[in-house]
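Dear colleague,

I am handing over the structure below, together with some notes on what was found in it. Please read them alongside the coordinates.

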Amino acid sequence: MNSNAEMDFIKINLESESYKIFFGKDYIENSANYIREFTKTNKIAIITDENTANLYLNKISRSLLESKYEVIHIILKSGEKIKNISSVENVINTLLKKRFERDDLIIGLGGGVIGDLAGFIASIIHRGVNFINFPTTLLAQVDSSIGGKTGVNTKYGKNLIGSFKQPLAVFSDTSSLSTLPVREIKAGYSELVKHALIKDNELFMWLCENWNVIFNQEEEIIKAIKWSSNIKATLVQEDVRERGSRALLNLGHTYAHAIESLLKYDGTILHGEAVSVGIILAYKTSYLLGYSKKDELNKIIEHFNDVGLITDLRKFNKDNIDSDMLLNAMNNDKKVKSGQKTFIIPEGIGKAFISNKINDEIIKSIVDTALAS
Ligand code: NAD
């Protein structure tokens, strides 16, 4: 049953930290069959959130318990707000109290919030334990489960505490997407499109033609997830520690992280929604600087509007966001180097570059124009 030959996967080649990302339909239900080859322990801690637990915790645990694993359940509240250092401390204390040891395994079951948090805990408890991820949102399957970035937010900004922790394996169970609210599917889709915009014009064209089918058919969504994941995998392999080209994956994120931080992760905006607005602002920056054409910017706005993604900064409460506030929030981003903000500037569709030379006046003018009604 767990023969890799029959399973759909991509491999992340990182020497001793290489691993496979499997795509398919029954990984959660048959978890024990799939994880057995990766661990010798019989103690497994599953870290998840309330929503995911209600839907999938019994399914995954049944399989593990039937195979005589001892299973610890850690269920956190759902949402970005729990991605903080006090959750990390609470979870670690619970695990230690339950005599979780060095050779035991942590499973993350949930979206990007759980993956980032569980991966971070796995990287620091007992100086690092084995970690396997079962991402259950589209965003987590196309993006956050790939490449080993883990972390939590602080009041000063997003993901400012974290580590690189590659999992032993990732099982992207695409059947879990059937329970995901459409709004969350769309939010994940914005990261999928992002991969096309930085590296693959053909994928973007295919998405424009097929997005409706992708949202409704499992076969097509697997194709889209794999295509997009391969782009991320290539960038991760080139530059796992993000010293250079991996940063291209942050297209739209300098804006997005600042927006999320100003809204205090209060749930009014999803990460992927902040990313779609951020991508549009990045294209507006690119257009202003002469790196993208007006029709390219318009094509992306049109596609995001077709899908129902947010493209307009005015969607957010103006009391919370203006250009000075955004610039200030950007200064706390971990991508700031020697006081210079890092931006990913798209060059048309399918190509982008990293720049530390975008001055505050340009950002101010982009944001002021975007907020003007
Ligand atoms: P999320 O983890 O909050 O999940 C979204 C919502 O969907 C939650 O309410 C969750 O409980 C629920 N949910 C999860 N699976 C479900 C399912 N199958 N059916 C129904 N509901 C389900 O959010 P997300 O969008 O998955 O991830 C966002 C996070 O990912 C952010 O914190 C972001 O910073 C992080 N991220 C990390 C990386 C990385 O490289 N590590 C990359 C991109 C984003």
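A nitrogen atom of the ligand sits 2.9 Å from an N or O atom in the side chain of Asp-116, a polar contact being a pair of N or O atoms within 3.5 Å. An oxygen atom of the ligand lies 2.6 Å from a polar side-chain atom of Thr-137, and an oxygen atom of the ligand is also 3.0 Å from a polar backbone atom of Val-113. Of the 860 Å² of accessible area that the ligand has on its own, the protein covers 91% (Shrake-Rupley method, 1.4 Å probe).

Please bear in mind that this is a predicted model, in which local features need pLDDT of at least 70 and side-chain atom pairs count only at pLDDT 80 or more, while totals for chains, interfaces and linings use all residues. Residues are numbered from 1 along each chain as its sequence is written, and side-chain values use heavy atoms, with hydrogens and water left out.

The ligand is surrounded by 28 residues, the closest being Asp-49, Glu-80, Thr-136, Thr-137 and Thr-179 (a heavy atom within 4 Å). Helix H2 (50-66) is among the elements that give two or more residues to this shell, and H2 gives the most, with 4 residues (helices are DSSP runs of H or I, at least four residues).

With best regards

Key
A polar contact is a pair of N or O atoms within 3.5 Å; within protein, one must be able to donate a hydrogen and the other to accept it, and residues adjacent in sequence count only if both atoms are side-chain atoms.
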